[in-house]
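Hi everyone, thanks for coming.

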Amino acid sequence: MDLIRVKNVNKQYKNGVTAIYDLNLSIKKGSFVFVIGGSGSGKSTFIKMLYREEKPSSGEIFVGGINVAKLRNSKVYKLRRKLGIVFQDYRLLPKLTVYENVAFTMESIGATKAETRRKVLKALELVGLKAKIHNYPDQLSGGEQQRVAIARAIVNEPRILLCDEPTGNLDPDRSMEIVKVLEEINKTCGTTIIMATHDKEIVNKMQKEVVLLKDGRLIKHLEKGGYEE
Amino acid sequence: MKFFRTLRRSIRDAFKSVFRNFSLSLASISCITITLIIVAISILITFNVQNFTREMEKDLTIVVFLDTDATEEDSKIVMEKLENMSNVESLTYQSKTAIKEEMRKENEVFNEVMSTWSEEDNPLKDTFQVKVKAVEKIADTAKRIEKLDKVSTVRYGEGMVDNLIVAFEAAQKVSYGMVIALILVTVFLIINTIKLTIFSRKREISIMRLVGASNFTIKTPFIIEGMVLGIFGSIIPILTVCFGYVALYNHFDGYLYSRMITLIEPEPFIYMVSGIVLVIGIIVGMIGSASAVRKYLKI
């Protein structure tokens, strides 16, 4: 069963720029996919369409059974509760502690205090930050902040984790750490992970499923592979 | 259960936000306060004008004078005819003797002069005081009465009454317009001040959207915050109404300029006006913040 199915999708922005041309692909449950390509290749647009920050101009996108293209604004939260999203710039709330930042997800969806506490601690343990739950984001390194963001994304046990250049602001060692954390989540929780990146080293080292985009078109979709192939 | 949890959290967040962004909240509150004071004053004026008009209308009477030679029989016939007129609410008859006695009681000079009058040379006339149902048709009714047999003169304070009615209608329309315009201005001001508060929390809202908070969850704290601002903003206007109006009422002893213009008694009037002001404050705060936050719920 495909968890994500993209059919004949085109995306043209209001300013006339076409970001995606006739995209067709499907992603299986539990896979770890790298979406790669240079700047302007359409990988960010692709990720944004999956969590419906952008709507496709034509075509259909099914994520976990929801037709994203037809989803009404007021119902978007139903989709987002099935997803975790991680960004290049972390997007943490600076006035909240690590614990509060992760708990924010649970509070936003109306979970009880006990459930929130249990899941937040579990998520923070998974990313290896249990010792720093009372720190504020500006007291952490970039890699640690990104791990907090990952904990926030997975705390609600989503089926899919979308990562838009999560290692873009990090040095190679920290980047590798982040990818290892994602791989751990993929293995232990069975979460499907889709990560957009242009970091060749990581892609070549991990040898995972690869989707290569160029100028908005799908060039390759490999079960296992590196950047150069 | 989940609904109440969300609601409780919303109320907590709303109060937190009011005090955390205190300077902005203060700006919104003073905005609401100033406009609500003006709204309250307009409401006080509107109600008083309305009350005064109603009182005046109640007092409006047509006085029908019969001919001096009208006998008791004649008055009975006129009375019957008056009673059959559709616009006549009630009427009272006063014979010329009764009028004479009344006038003598009222004034010493009259008393002296009239004491010499006998029943025959009493120059006064028998009268009917007629109250009408519809004040606008008073001129019509007066004309019809005038045509009756044995009726000499009909008076209802023509020019003055007509002018007063026109003036009060205009005053009422103006004050209604003012109240509505002021409320609209308040909504606009509140939208703008709350937009500032919300702008500083744009990031928070976008993250809430991303992690799957429903629009209801996101909106509710802001709407409650608007209500809280509305409540705080209506405190001073309500105090102004309560103390100000009572002071005014006592100062003028319940009348304005003359015995003709009576003010509405403060109790329970001020409580009603305070209630209206509070409700306007709350609703305006709600509408203001709901429309300010809507913009951020699209992505």
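What share of the contacts in chain A with a separation of 6 or more comes from residues 24 or more positions apart? For chain A that share is 67%, where a contact means heavy atoms within 4.5 Å.

Some housekeeping before I go on. This is a predicted model, in which local features need pLDDT of at least 70, side-chain atom pairs count only at pLDDT 80 or more, and totals for chains, interfaces and linings use all residues. Residues are numbered from 1 along each chain as its sequence is written, chains are lettered from A and ligands numbered from 1 in the order in which they are written, and side-chain values use heavy atoms, with hydrogens and water left out.

Staying with chain A, there are seven helices and 10 strands; these are DSSP runs numbered from the N terminus, with helices being H or I of at least four residues and strands E of at least two. Of its 229 residues, 54% are buried, meaning under 20% relative accessible area with a 1.4 Å probe, protein chains only. The accessible surface of chain A is about 10,300 Å², with 47% belonging to carbon and sulfur atoms; areas come from the Shrake-Rupley method with a 1.4 Å probe.

Now chain B. Here we have 10 helices and six strands, and 43% of the 299 residues are buried. In chain B, 84% of the contacts with a separation of 6 or more are between residues 24 or more positions apart. Its accessible surface comes to about 16,700 Å², and carbon and sulfur atoms hold 63% of that.

How confident is the predictor? Chain B has an average pLDDT of 81, and 98% of its residues score at least 70; pLDDT is the predictor's confidence in each residue, from 0 to 100. Within chain B, α9(B) has the highest confidence at 88, while strand β5 (residues 255–256) has the lowest, with a mean of 73. For the complex, the ipTM is 0.82 and the pTM is 0.69.

On a 1 Å grid over the protein atoms alone, a cavity is a set of points where a 1.4 Å probe fits but cannot get out, and a pocket is an open set with protein on both sides within 12 Å along at least five of seven lines; lining residues have an atom within 4 Å of a point. Points are joined across faces, edges and corners, and a volume is the space filled by probe spheres set on them.

The largest pocket holds about 1,000 Å³. It has 33 lining residues, and the closest to its centre are A:Glu107, B:Arg9, B:Arg12, B:Asp13 and B:Lys16. α1(B) gives the most to this lining, nine residues. By class, the lining has 11 nonpolar, eight polar and 14 charged residues; Ala, Val, Leu, Ile, Met, Phe, Trp, Tyr, Cys and Pro count as nonpolar, Asp, Glu, Lys and Arg as charged, and the others, Gly among them, as polar.

The second largest pocket has about 320 Å³ of space. Its lining has 11 nonpolar, four polar and no charged residues, and α2(B) supplies the largest share, six residues.

Finally, there are two cavities of 30 Å³ or more. The largest cavity contains about 120 Å³, and the closest lining residues to its centre are A:Gly84, A:Ile85, A:Ala153, B:Leu210 and B:Val211.

Methods. Buried < 20%, exposed > 50% of the residue type's maximum accessible area, 1.4 Å probe, protein only.
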